[in-house]
Amino acid sequence: MTDEDALDQRIAELDTKFHESLAVVKDLETRMAENKTLRSHAAAYKQYRPLAQKRNAAKSPAAFEEQHRVELTAYRAAAAYLKANNITSLPSPNKLESEYCALASEKAQFYEQYKEAKSELLKLKDAKQNVALFFREEKQTQHHEREGVCV
């Protein structure tokens with residue numbers, strides 16, 4: 001880069017790339033967390049649904065409830081999550097796992113772009129500061145030299 005305008009333009013481009021990549025990474029992380037939560041609730045719902053059905057048919061539902069409190073609580077939490085998110089049929093665990101892997105792969109790609117942009121951006125900002133500092137020092141030196149001549 002030979003001039004300040006080109007340097008400023010490149011810094012602006014990298015800054016945009018940096019922030020865009022960071023936004024995509026954060027979005028992918030959010031989607032991955034949502035996928036993980038859905039997988040967890042879907043697994044709990046599927047695992048404990050037969051137990052919840054047995055509770056309804058038990059001769060002593062209160063005793064059955066007490067005996068299986070933890071499992072039934074997990075089932076109810078999973079059912080509430082699915083209902084709150086309008087999920088009427090359980091997604092396939094394999095499908096959710098493959099979606100998670102695809103998101104993780106995409107995140108890794110954008111994270112690399114983010115790291116590269118950040119690294120280059122920091123280098124260019126340092127270079128710009130160094131140039132500005134150099135010219136300030138040079139200006140002060142010239143000013144002091146002129147003062148010495150006038151005396």
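Which residues of H3 are buried? They are Leu72, Tyr75, Ala78 and Leu82. This is a predicted model.

**Helix H3**
- Helix H3 runs over residues 69–84.
- Its 16 residues should span 22 Å at 1.5 Å a residue, and the end C-alpha atoms are 22 Å apart, so the two values agree.
- The buried residues of H3 are Leu72, Tyr75, Ala78 and Leu82. They cover an arc of only 125° around the axis, which puts them on the same side of H3.
- An α-helix has 3.6 residues a turn, so residues three or four places apart point the same way.
- Val70 and Ala84 are exposed, on the other side of H3.
- The cover over the buried residues of H3 includes H1 and helix H2 (61–67).

**Aromatic pairs**
- The count comes to 3 aromatic pairs.
- Phe18 and Tyr114 form a stacked pair, with ring centres 5.1 Å apart and 20° between the planes.
- Phe18 lies in helix H1 (residues 4–57) and Tyr114 in helix H4 (residues 93–150), so this pair ties together parts that are 96 residues apart in sequence.
- Phe18 and Tyr114 are both buried.
- Tyr45 and Tyr75 also form a stacked pair, at 5.1 Å centre to centre and 25° between the planes.
- This second pair links distant parts of the chain: Tyr45 is in helix H1 and Tyr75 in helix H3, 30 residues apart.
- Tyr45 and Tyr75 are buried too.
- Phe18, Tyr111 and Tyr114 are linked into a cluster by ring pairs.

**A charge over a ring**
- The charged end of Arg39 sits over the ring of Tyr100. It is 4.6 Å from the ring centre.

**Ser21**
- Ser21 is in helix H1.
- Is Ser21 buried or exposed? Its relative accessibility is 2%, and buried means under 20%, so Ser21 counts as buried.
- Leaving aside residues up to four places away in sequence, Ser21 touches Phe110, Gln113 and Tyr114.
- Tyr114, one of these contacts of Ser21, is also the stacking partner of Phe18.

Terms used:
Residues numbered from 1 in each chain as written. Predicted model: local features only at pLDDT ≥ 70, side-chain atom pairs only at ≥ 80, totals over all residues. Heavy atoms only, no water. Phe/Tyr/Trp six-rings, centres within 6.5 Å; stacked < 30°, edge-to-face > 60°. Helix = DSSP H or I, 4+ residues; strand = E, 2+ residues; numbered from the N terminus. Buried < 20%, exposed > 50% of the residue type's maximum accessible area, 1.4 Å probe, protein only. Lys NZ or Arg CZ within 6 Å of the ring centre and 35° of its normal. Contact = heavy atoms within 4.5 Å. Expected span 1.5 Å × (residues − 1). Arc of directions from axis to C-beta.
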